[in-house]
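Subject: Structure for you to look at

Hi,

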2 protein chains.
Amino acid sequence: MGDRIARLQASMRAAGFDAAIIMQPRDLFYYAGTAQPCNLLVFDRGEPYLWVRRAGEFVRRESGLRNILEDGGFAGIKRRMAEAGLTRGRLGVTEDAVPAALYKKMTGLFGGFELGNISPLVLEQRMIKDEGEIGALREAARLSLVTHRVILDNLRPGVTEIELSGRILGALRAAGAESIIRNRRWDASLAADGAMASGYNTWEISGHAMTVTGVGLGGWQAHGASRKTINEGDLLVVDLPYNRAGYHGDITRTYVAGRATGKQKEAFRKVRQIHERVLEAVSPGRACAELYRTARAAAVELGCEAWFQGYGSMQGQYIGHGLGLECDEPPTLEPGSRFVLRENMVLAIEPKLIIPGWGAVALEDDVLVTGDGYELLPAPERRLFEVN
Amino acid sequence: MGDRIARLQASMRAAGFDAAIIMQPRDLFYYAGTAQPCNLLVFDRGEPYLWVRRAGEFVRRESGLRNILEDGGFAGIKRRMAEAGLTRGRLGVTEDAVPAALYKKMTGLFGGFELGNISPLVLEQRMIKDEGEIGALREAARLSLVTHRVILDNLRPGVTEIELSGRILGALRAAGAESIIRNRRWDASLAADGAMASGYNTWEISGHAMTVTGVGLGGWQAHGASRKTINEGDLLVVDLPYNRAGYHGDITRTYVAGRATGKQKEAFRKVRQIHERVLEAVSPGRACAELYRTARAAAVELGCEAWFQGYGSMQGQYIGHGLGLECDEPPTLEPGSRFVLRENMVLAIEPKLIIPGWGAVALEDDVLVTGDGYELLPAPERRLFEVN
């Protein structure tokens, strides 16, 4: 934790922040080792202070930080800052996470300070994983093998999407998966049983992600498994997030209920070729935007660009994203990305072809950027599975 | 939907709002019938306008609103407001939900306007449920029978909390439960398998709620089921939220793995008496604060106030909360509540005794406030279950 705080402080000094208050549970877990309700005060140098909002006993057990305080809330923070000679300056807040009401309260309380958004610094730091995090991400990805086993054992014509979904959830939880998936975006949400879509549901693209979303059970949450029966010959796309020990995997495999047709095999071959092409391009120093361009160029070459990452107005311009304490972390592998790949980033790479009126094929793996290339994290074989 | 918009407009006029922009998915579902990424513009009278951010096809299918627009974002909203003659005034935003970054962007874009918090109006309206909502809440509560069946079938000495949890999750999903629980608070989160705690875990109170939380699998999410084995004679508290069709149930039952001791039975009798006393007090016109006082008075009378709703610094001052599209809706039944019970509120009423070093007993039911009293929503019997 000390190292992480020191690195944040270095980037705070470079960006001109005098102090920061960290309150979002994943950010707290990253810097303080606890996700309990706390406020973490980080000066631009020196020791951090952690104010407990609730459950001090858990906080003291979980956090390795030395200065754990139990009273005073924001007033206590302000007092501590004044004691350190800080009564004005630039105060960092994670403005993408903290709601407006709380921010306005802080603006009033910290009157002498200019509040600024510290999230870009936090998220940029979190892009590069340490050894422990890589281990956790590997174990999260490995949960995809549990899902795969459930599908091989249970997929047959007549089963419904939601029946499969229930079995997957149960098996994952028993295998130690958390049943909440964490998102950074305030209005995004992914269920622990992710997106599952078969047959005609594979080309319905709901608004919460530009991908094979499934249609869910209704308008209150129009993605994920539905009550649709899976029929003989249906394509089934299973795109699941995995939260294990707070870190996320994100793996997609495509199945056929029965024997695959030539056209299904051909579509999958193309998506696999795009995937391969992107993987070959993964190495430190490569621009994230270039990974997207590589994928798109492959799709054009294979004559499937009209269905690449969706179709029409629902075509997404991305080929993947970072993974960590949140399932939608930077960097996003998109044309506008300013980021360059670095060693120890962990990325989900997810090409898909979504053909309206026909079906979808998708392939997603989690990838560690190594010193000279990449390593695939554990996952089922990268092929189209025919389940009889 | 039209009715709901009209009622919001009436309260907007009373509170001096000229217009409001609704963006939070549950609020959108309530007023526009869709939870897709949209911005809903509501003037203080007249027709609302819904701007699609993504997935227009889903929005048009789901929403009953007439004016669905696909372009322009905030600029489009501003233009529409100007066309309606509104270039200054008071603009409502849900400031408890919208993050600071988005709020700051809106402050810039809507320069002529004073932004104000419209959440209290929205949430106060949402407290009173209509017939369809009450039906949905009833079906959500009914899912507690699925959980109860799983526990009766699987609880035995030697099983772990997380094994039980996995079976519950799988059964609930197959029965049509959503696997995401919705909270209003930005930093709150409840798993779809809720809080489960046995034996010595029952008196560990994690910071995310002042209740029997369980300890979870680690500091990244220190509540819910753990890997602890349930032993002969252990108390097991199972407090689950249920999301069905977007509406939430919240039901707790207490079990014993084997035969209950006299002391376990006695503790449960007390919690049941407190529950009974609160239920008797439920009727329109009663102050929410009074329900808390009634519960606390019963605990004092029964000589268990030291363990009522927790103990020491982890003693919560509440006896329940509203239920709806979010699991932590107003009104909260707490001493400081300014609300009075009204017909068609749906409340979770949840007394518990948490005795450090010994165990916990809890009982929670969902209750519809009727014209002259209350109706319990479907749930298992209100007793201590001995499972052999």
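A nonpolar core, as I use the term here, is a set of buried Ala, Val, Leu, Ile, Met, Phe, Trp, Tyr and Cys residues joined through C-beta atoms within 7 Å. Please keep in mind that this is a predicted model. In the largest such core there are 253 residues, and A:Leu40 and B:Leu40 are the ones that touch the most other members. Setting aside neighbours within four places in sequence, the contacts of A:Leu40 are A:Ile21, A:Ile22, A:Leu28, A:Tyr31, A:Ala32, A:Pro48 and A:Leu50. As background, nonpolar side chains tend to be buried together in soluble globular proteins.

On confidence, the predictor gives the complex an ipTM of 0.96 and a pTM of 0.97. For chain A the average pLDDT is 96, and 100% of the residues score at least 70.

Now to the contact between the chains. Chain B contributes 54 residues and chain A contributes 55 residues. On the side of chain B that touches chain A, the elements giving two or more residues are α2 (25-32), α3 (56-62), α5 (100-109) and α9 (161-174) of chain B. Of these, α9(B) gives the most, with 10 residues. By type, the residues on this side of chain B are 26 nonpolar, 17 polar and 11 charged.

Strand β2 (residues 38-43) of chain B runs antiparallel to β3(B), joined to it by 4 bridges, and B:Asn39 has B:Trp51 as its bridge partner in β3(B). The two strands β2(B) and β3(B) make a hairpin with 5 residues between them, and B:Gly46 in the turn has a positive phi of about 90 degrees. With strand β4 (residues 67-69) of chain B, β3(B) pairs in the parallel sense over 3 bridges; here B:Leu50 stands opposite B:Ile68. Strand β3 (residues 49-52) of chain B is covered on both faces, with B:Tyr49 and B:Trp51 buried on one side and B:Leu50 and B:Val52 buried on the other.

Chain B also has an open sheet of 4 strands with mixed pairing, in the order β7-β8-β9-β19. At its edges are β7 (195-198) and β19 (385-387) of chain B, each with a single partner strand, so one side of each has no neighbour in the sheet. From one strand to the next, the twist averages 30 degrees. Within this sheet, β8 (residues 235-244) and β9 (residues 247-257) of chain B run antiparallel and are joined by 10 bridges, with B:Asn243 opposite B:His248. Helix α7 (residues 131-142) of chain B packs on the sheet and touches β8 and β9 of chain B, its direction making about 25 degrees with that of β9(B). Helix α8 (residues 144-154) of chain B lies across β8, β9 and β19 of chain B, at about 145 degrees to β8(B).

Finally, chain A holds an open sheet of 5 strands in the order β13-β12-β14-β17-β18, with antiparallel pairing. Its edge strands are β13 (329-333) and β18 (374-376) of chain A; each has a single partner strand, so one side of each is left without a neighbour in the sheet. The twist here averages 30 degrees from one strand to the next. Inside the sheet, 4 bridges join the antiparallel strands β14 (residues 346-349) and β17 (residues 365-369) of chain A, and A:Ala348 stands opposite A:Asp366.

Best wishes

Key:
Residues are numbered from 1 along each chain as its sequence is written. Chains are lettered from A and ligands numbered from 1 in the order in which they are written. This is a predicted model: local features need pLDDT of at least 70, side-chain atom pairs count only at pLDDT 80 or more; totals for chains, interfaces and linings use all residues. Two strands pair if DSSP finds at least two bridges between them. Axes are lines fitted to C-alpha atoms, for helices over the stretch in contact, and angles run from 0 to 180 degrees between N-to-C directions. Two residues are in contact if their C-beta atoms, placed from the backbone, lie within 7 Å. A residue is buried if 20 or more other C-beta atoms lie within 10 Å of its own, exposed if 12 or fewer, and partly exposed in between; C-beta atoms are placed from the backbone. Ala, Val, Leu, Ile, Met, Phe, Trp, Tyr, Cys and Pro count as nonpolar, Asp, Glu, Lys and Arg as charged, and the others, Gly among them, as polar. pLDDT is the predictor's confidence in each residue, from 0 to 100.
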